[in-house]
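Thanks for making time this morning.

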Amino acid sequence: MHIVADENIPLLQAFFADQGRLTTLPGRSIRREHLLDADALLVRSVTRVDPALLEGTPVQFVGTCTIGTDHLDLPGLATAGITVASAPGCNARGVVEYVLSCLLTLSERTGLPWRERRVGIVGVGEVGSRLAATLGALGVECVLCDPPRAARGEAGFVELDALLAQVDVVSCHVPLTRNGPDATWHLLDAPRLMALQHGTWLINSSRGPVIDNHALSVLLAERPDVQVALDVWELEPQVDTALLKLCALGTPHIAGYSLDGKLRGTEQIYQAWCRHRGEQPRLTLQALAPEAGCAQLQFSAETPAQWMLEKALRQVYDVRDDDARFRAMMMPLAGQSTGAAFDTLRKDYPLRRECPQVRILHADGEGQAALMAAAGFNV
């Protein structure tokens, strides 16, 4: 058995070493010639997998250790009889914490209380639904838009244009689709961007082309009242440094890059691989996950709950760190290729755990425990 895999998949050796010969390569470098004797291919979001890549190879299983599948030609792979597995929801918690950090930072820079903003969530699937639940638990009003769910008769959703007319924050969590009535390619085009309310905060941690990046550059040049946080870019790994300069926050597609999210993705694909082979999974993430980065935070009972929440959230993840690293790497490359630097930032990403891995001690003051638990901490 021969498995070819993206070298950046964590715990790859731990989960798959006893499954056969394991070959690891940079995700963007995987080519057909690497698969000529491979039985399985394991990837992340940077590897485009379609029948042409697998033509003439014995590959019968493709697993992506990611929540998204727009880098996979699902219809073509199904026609070719290839078993495909993804990891839905694996990094949802990490993306939620990314959005929370963006809200904290934009609040600090504008002087506007983030928990008093009305947040529009565009795309209410694995990530969007968890974001809505977390914000709701924290007392933040949310407006939801999900046309596919609304079309199925589910209640509680508004159309996108109605959402844009009534919210202070727009956070995008849709898959990238190019065709059909619910296509999300340039979902936020020039007219919709111009329709944003004064002082809107716009956060995109889904896929770059969901927002027309050229139209966004035009908007930001004309309307400095709009604050934008972009984790994804229309032509990535190429980054429009002129657009980055206009953004309040910019990061290299790492919103869901918590260690815990990536580990869950590997475990889910391991389980799918075992099902494909008709075997019972023998390994579990609980037994293999490292302790690095797990922590305890202690506060006094007199600590204001809101201050406590914000300090703890930033202790777990502070988007300002990623923004600073990103700008330091990207801005000197204006007019040049940014691909190598973009991939380096992702490959060498610092250790990042999630709120449930942090235990809060002595949260027994007024409102402390409830607020910290609502944010996802282990209280």
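This is a predicted model: local features need pLDDT of at least 70, side-chain atom pairs count only at pLDDT 80 or more; totals for chains, interfaces and linings use all residues.

Leaving aside its neighbours within four places in sequence, Tyr98 is in contact with Ile203, Ser205, Leu230, Asp231, Thr251, Ile254, Ala255, Tyr317, Val319 and Arg352.

That list leads us to the packing around it. The largest nonpolar core has 49 residues, and Tyr98, together with Trp114, Leu135, Leu138 and Phe377, touches the most other members. Several elements each supply at least two residues of this core, among them helix 4 (92–110), helix 5 (126–137), strand 9 (201–204) and helix 13 (305–316), and the largest share, 10 residues, comes from helix 4. Because domain 2 (91–250) and domain 3 (295–375) both give residues to the core, it lies between them. Apart from this one there is another core, of 36 residues, which includes Val122, Leu164, Leu219 and Val228. As general background, nonpolar side chains in soluble globular proteins tend to be buried together.

Let me turn to a piece of the sheet. Strand 6 and strand 7 pair in the parallel sense over four bridges, and one of the pairings is between Ile121 and its bridge partner in strand 7, Leu144. Between the two strands the chain passes through helix 5, and this β-α-β crossover is right-handed. Strand 7 itself, residues 142–145, has a covered face with Val143 and Cys145, whereas Cys142 and Leu144 are on the uncovered one.

Finally, the annotated positions. Which residues does UniProt list for "active site"? The entry, which is unreviewed, gives Arg207, Glu236 and His253. Although they span 47 residues in sequence, no two of their C-alpha atoms are more than 9.7 Å apart, so they gather at one spot.

Glu236 sits in the loop between strand 10 (227–230) and helix 10 (241–246), while His253 is found in the loop between strand 11 (249–250) and helix 11 (259–277). Are they buried or exposed? With a relative accessible area of 24%, Glu236 is partly exposed, whereas His253, at 13%, is buried, because buried here means under 20%.

As for their surroundings, and again not counting residues up to four places away in sequence, His253 touches Ser206, Arg207, Asp231, Val232, Glu236, Phe342 and Arg346.

Methods:
Residues are numbered from 1 along each chain as its sequence is written. Side-chain values use heavy atoms; hydrogens and water are left out. A nonpolar core is a set of buried Ala, Val, Leu, Ile, Met, Phe, Trp, Tyr and Cys residues joined through side-chain atoms within 4.5 Å. Buried means under 20% relative accessible area, exposed over 50%, partly exposed in between (1.4 Å probe, protein chains only). Domain bounds come from an automatic or database domain assignment. Contact means heavy atoms within 4.5 Å. Two strands pair if DSSP finds at least two bridges between them. A crossover is right-handed if, with the strands pointing away from the viewer, the path from the first strand over the helix to the second runs clockwise. UniProt positions are given in the numbering used here, feature names are shortened, and annotations may be inferred rather than shown by experiment.
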